[in-house]
Amino acid sequence: KSGKKSVVKYTIDCVQPVEDQVLDVASFEKFLHDHIKVNGKAGALGDSVAITREKTKLVVAAEQPFSKRYLKYLTKKYLKKQQLRDKAKKSGKKSVVKYTIDCVQPVEDQVLDVASFEKFLHDHIKVNGKAGALGDSVAITREKTKLVVAAEQPFSKRYLKYLTKKYLKKQQLRDYLRVVANNTMKNVYELRYFNLNAEEAETDE
């Protein structure tokens with residue numbers, strides 16, 4: 001070994017599953033130690049590969065050639081063995097966006113039922129192309145006359161507006177109500193009447 005081989009370092013950060021107590025770093029370290037092959041032999045790392053643990057991270061220092069793809073393959077194999085393969089896909093917590101639909105005007109006038117609207121959204125919002133199967137990706141909560149939709153990104157504000165219009169059309173309210181974005185509060189929609197209020201006031205008298 002006159003010319004020292006170049007060494008490459010790979011870091012696997014397990015912080016989220018470790019904090020959620022679904023993955024044990026020591027167990028993962030042992031798995032890699034037992035399964036990484038050097039010269040076709042598993043577990044005989046010698047001086048070619050060193051695995052060190054840094055809190056929630058594993059650092060693999062290996063002499064070239066050592067494939068990044070090979071390490072990813074072994075990581076997936078470990079996750080599958082621990083039945084964490086699907087959870088690991090979700091372990092990177094996606095950012096969640098919240099949208100509020102304020103239905104106060106039509107609810108007070110008893111022309112719209114919030115519970116019915118909530119059920120409509122629940123049945124029609126698509127996750128991975130499938131309607132009604134919201135899982136952990138979308139949560140709909142009712143707050144008096146408001147509906148709050150908390151969804152993992154990407155989730156389009158325009159898509160929610162489209163579904164709201166679809167519901168209004170189904171309830172034959174599309175000619176009376178419109179979906180308006182609140183000017184002062186981000187991600188808030190309001191259901192407002194078209195400008196018929198003056199005419200309605202006259203007919204009520």
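The buried residues of helix 7 (buried: under 20% relative accessible area, with a 1.4 Å probe and protein chains only) pack against strand 6 (96-102), helix 6 (114-124), strand 10 (146-152), strand 11 and strand 12. Helices (H or I, at least four residues) and strands (E, at least two) are DSSP runs, numbered from the N terminus. This is a predicted model, in which local features need pLDDT of at least 70 and side-chain atom pairs count only at pLDDT 80 or more, while totals for chains, interfaces and linings use all residues. Residues are numbered from 1 along each chain as its sequence is written, and side-chain values use heavy atoms, with hydrogens and water left out.

Helix 7 covers residues 157-170. Its buried residues are Leu 160, Leu 163, Thr 164, Tyr 167 and Leu 168. Seen down the helix axis, they fall within an arc of 140°, so they line one face of helix 7; the arc is that of the directions from the axis to the C-beta atoms. The face turned away from this buried side carries Arg 158 and Lys 169, which are exposed (over 50% relative accessible area).

At the start of helix 7, the backbone nitrogen of Arg 158 has a side-chain oxygen of Ser 156 within 3.0 Å. After the helix comes Gln 172, with a positive phi near 60°.

Strand 11 (residues 177-181) pairs with strand 12 (residues 188-193) in the antiparallel sense over five bridges; pairing requires that DSSP finds at least two bridges between the strands. Leu 177 has Tyr 193 of strand 12 as its bridge partner. Six residues lie between the strands of this hairpin, where Asn 187 takes a positive phi near 60°.

Notes:
Expected span 1.5 Å × (residues − 1). Contact = heavy atoms within 4.5 Å. Polar contact = N/O pair within 3.5 Å; in protein donor to acceptor, adjacent residues only side chain to side chain.
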